Amino acid sequence: MREILLNPGPVSLSDKVRKAATAKDLCHREPEYFQLQDRIREQLLAVYDLSPEDWSAVLLGGSGTAAMEAMVATLVPRDGRLLVLENGVYGERLSKIAAVHGIEYQALNWGWDEPVDSAAVDRALAAGQFSHLAMVHHETTTGRLNDIQEIIELCSKHKVQFLLDGVSSFGAEHIDFNHKHVSAVAATANKCLHGIPGLCFVLCRHSALHEAAVPARTLYLDLARWNDAQQRQGTPFTPATNSALALAQALEELHRQGGWEVRRSIYRQRQQRVREKLAELGVEPLLPPAESSAVLRSYYLPTGMDYDGLHDRMKLHGFVIYAGQGGLAQKMFRISTMGEISDYDMRRLDGALEAAIGGH
Ligand SMILES: *Cc1c(COP(=O)(O)O)cnc(C)c1O
């Protein structure tokens, strides 16, 4: 029995992606690697049909947090001022990144179960002389899909550059790259793209890279450094070569499947199925479906059951679920439906939920 990961990345892989990762040994200073790197960078732009005239896909080593940190530390210039929107762990992480790098910033904070209040953002942008705004698209803390479109419009109104943590939405949700105030989106290989951990990336407008902080605030996470090398078929440091082999295969599979919109509809069908089964078992979602991503949903723990109990029963049936973070750990759990999951696995999941919760 194959164990299925329902945590928000790393995900259950397709057999071909897993095999691709160990298919060969690559030296990262040989043409074979640079061809692979070029191909991945093109494939990443192709996910949202972006032109290399305007955009660059900058690959770097690390998890999604490295991409977030590289984006903020590189793209907010030395005289820039950042507004951060927080309604979960990852929004709060954007502020921590700004603080660590000594970037002048202000944060607007909402509760973890609350939406972003765009009127408050409008007022802050009007008052604050900001150069950049950073926020999370899919706040994985709760599964909320933040309404980025209205915030992008506000950035346009106030002439502020928009930086997005798209780590758990890139490849499965709509992102309006065409808006010229959208400067960069940070993401990773091992969430909606179904690759293995080790590589992350930031899609950047060339114009944003030209305005990058000088002198750089960071050596390893300096996107300008990675980009300059990659534009000339180079790499500044040793990249995660095996993760790159897997990512190229995973991107090929996304393309063949029909792209991000098809992936979103598959995730939505899976989420709906889980929600209906849990509703039968008396388990309620934290957020209404209209406010939730296709990727992950949060549910209240069944009455009389703690997270560990539920987790262990589900694991016995071959499914790894995920805990709530911080104060939410005592009252909720999360189910992500990214990754290679078959219809057979989804039917098994119904049975596992029934056995774990219904039989309790
Ligand atoms: C997973 C995730 C990250 C990155 O977390 P890592 O532990 O560094 O992989 C960042 N932002 C969001 C919204 C995420 O879901």
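Biologist: What makes D222 a cap for the N-terminal end of α8?

Modeller: A side-chain oxygen of D222 lies 3.2 Å from the backbone nitrogen of A224. A polar contact is a pair of N or O atoms within 3.5 Å; within protein, one must be able to donate a hydrogen and the other to accept it, and residues adjacent in sequence count only if both atoms are side-chain atoms. The 3.2 Å of this pair is within the 3.5 Å limit, so the distance passes. A word of care: this is a predicted model, where local features need pLDDT of at least 70 and side-chain atom pairs count only at pLDDT 80 or more, while totals for chains, interfaces and linings use all residues. Residues are numbered from 1 along each chain as its sequence is written, and side-chain values use heavy atoms, with hydrogens and water left out.

Biologist: Why is α8 called a helix, and where does it run?

Modeller: Helices (H or I, at least four residues) and strands (E, at least two) are DSSP runs, numbered from the N terminus. Helix α8 spans residues 223–231. Just after α8, Q233 takes a positive phi of about 50°.

Biologist: N227 sits in helix α8. How do you know whether N227 is buried or exposed?

Modeller: We compare its relative accessible area with the cut-offs: buried is under 20%, exposed is over 50%, and partly exposed lies in between (1.4 Å probe, protein chains only). N227 has 7%, which is under 20%, so N227 is buried. In α8, L223, A224, W226, A229 and Q230 are buried as well.

Biologist: What is in contact with N227?

Modeller: Contact means heavy atoms within 4.5 Å. Leaving aside neighbours within four places in sequence, R41, S56, V58 and L209 meet that test. L60 is 167 residues away from N227 along the chain, yet their C-alpha atoms are separated by 9.2 Å. For the helix as a whole, the cover over the buried residues of α8 includes α2, β2 (55–61), α3, β10 (199–205) and α7 (206–210).

Biologist: What makes an empty space a cavity and not a pocket?

Modeller: Rolling a probe the size of a water molecule over the atoms shows where empty space is left. On a 1 Å grid over the protein atoms alone, a cavity is a set of points where a 1.4 Å probe fits but cannot get out, and a pocket is an open set with protein on both sides within 12 Å along at least five of seven lines; lining residues have an atom within 4 Å of a point. Grid points are joined across faces, edges and corners, and a volume is the space filled by probe spheres set on the points. The structure holds one cavity of 30 Å³ or more. Its lining includes W226 and Q230, and α2, β2 and α8 each supply at least two lining residues.

Biologist: How large is the largest pocket, and what lines it?

Modeller: The volume of the largest pocket is about 380 Å³. It has 19 lining residues, and those closest to its centre are A46, V47, Y48, D49 and W260. Helix α9 gives the most to this lining, with four residues.

Biologist: What makes H132 buried?

Modeller: Its relative accessible area is 4%, under the 20% limit, so H132 is buried. H132 belongs to strand β5 (residues 132–136). Its side chain reaches the backbone oxygen of L75 at 3.3 Å and makes a polar contact of 2.8 Å with the side chain of S131.

Biologist: Last one: which residues of helix α11 are buried, and how do you know where they point?

Modeller: In α11 (residues 307–316), the buried ones are Y307, L310, H311 and M314. Seen down the axis, they fall within an arc of 100° (taken from the directions from the helix axis to the C-beta atoms), so they line one face of α11. An α-helix has 3.6 residues a turn, so residues three or four places apart point the same way. Among the elements covering the buried residues of α11 are β14 (332–336) and α12 (343–358).
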